[in-house]
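Subject: Structure handover and notes

Hi,

Here is the structure I promised to pass on to you. Please open it alongside this message and follow the notes with the coordinates in view.

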Amino acid sequence: MDKLRVMFLCTGNSCRSQMAEGWARALGGDDIEVKSAGIEAYGQNKNAIAVMSEVGIDISEQESIRVNGEMLEWADLLVTLCDNAEEQCPLLSPHTIKVHLPLPDPAKMKGSEDKVEAEFRETREKVRQRVEFVLEQVALDDAV
């Protein structure tokens, strides 16, 4: 079987989709190829890098990139992680499956450093749950 090609998409490709790419690489093993992108490219988020590092996943070398048609053509499965990405996503090729699993953007959290870090940690765990869900669905499809 060929590897499943999964693309995670959010607004800025700095937090949620970056975390999802990191989780998918860590949890998906050799069964999938993973990329992430954004409707825009906002650059890397130091808080996302830090909270992923806490669980042993280094996302510091991942790039924040803007989605393009070639990436969408590449993907077998597109997972949108925010409503903006869902609404703004360009047309997909007929072979691409799209799944919408939205999360609030932790970069928009205001407050103390502790409060912001807590929001990023909570988002990290919610992203992990979504990636695990995607991987479970893929495994179920393979079993059928």
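Below are my notes on what was found.

First, the ground rules. This is a predicted model, in which local features need pLDDT of at least 70 and side-chain atom pairs count only at pLDDT 80 or more, while totals for chains, interfaces and linings use all residues. Residues are numbered from 1 along each chain as its sequence is written, and side-chain values use heavy atoms, with hydrogens and water left out.

**The nonpolar core**

A nonpolar core here is a set of buried Ala, Val, Leu, Ile, Met, Phe, Trp, Tyr and Cys residues joined through side-chain atoms within 4.5 Å. Buried stands for under 20% relative accessible area, exposed for over 50%, and partly exposed for what lies in between (1.4 Å probe, protein chains only). The largest core has 41 residues, and the members that touch the most others are F8, L9, V79 and V131. At least two core residues come from each of β1 (4–10), α1 (16–28), β2 (32–38), α2 (46–54), α3 (69–74), β3 (77–80) and α5 (113–143). Helix α5 supplies the largest share, seven residues. The element names follow DSSP runs numbered from the N terminus: helices are H or I with at least four residues, strands are E with at least two.

Contact means heavy atoms within 4.5 Å. Beyond its neighbours within four places in sequence, F8 is in contact with S17, A20, E21, A24, V34, K35, S36, A37, V79, L81 and V131.

V51, in helix α2, is buried, since its relative accessible area is 3%. With neighbours within four places again set aside, V51 has contacts to M19, E117, F120, R121 and R124. The C-alpha atoms of L72 and E125, 53 residues apart along the chain, are 26 Å apart.

One of the bridges joins M7 to K35 in β2. From β1 the chain crosses through α1 to β2, and this β-α-β crossover is right-handed. Right-handed means that, with the strands pointing away from the viewer, the path from the first strand over the helix to the second runs clockwise. Strand β2 is largely enclosed by the rest of the structure because five of its seven residues are buried.

The helix in this unit, α1, has 13 residues and spans 17 Å from its first C-alpha to its last, close to the 18 Å expected at 1.5 Å a residue (the expected span being 1.5 Å times one less than the number of residues). Ten of those residues are buried, so that α1 is mostly covered; among them are M19, W23 and G28.

Two backbone angles flank this helix. N13, in the loop between β1 and α1, has a positive phi near 50° despite being a residue other than glycine, and N13 is buried at 0% relative accessible area. Just after α1, G29 has a positive phi of about 60°.

**Salt bridges**

A salt bridge is counted when a side-chain nitrogen of Lys or Arg lies within 4 Å of a carboxyl oxygen of Asp or Glu. The count by this rule is 11.

- R16 and D105 meet at 3.8 Å, N to O. R16 is in helix α1 and D105 in the loop between β4 (97–100) and α5, 89 residues apart. R16 counts as buried, at 4% relative accessibility.
- E40 and R66 have their closest N and O atoms 3.8 Å apart. E40 is in the loop between β2 and α2, and R66 in the loop between α2 and α3, 26 residues apart. At 33% relative accessibility, E40 is partly exposed.
- K126 and E122 meet at 2.9 Å, N to O. They are four residues apart in helix α5, so about one helical turn separates them. Both are partly exposed, K126 at 29% and E122 at 39%.

Best wishes

How values were computed:
Pairing = 2+ DSSP bridges.
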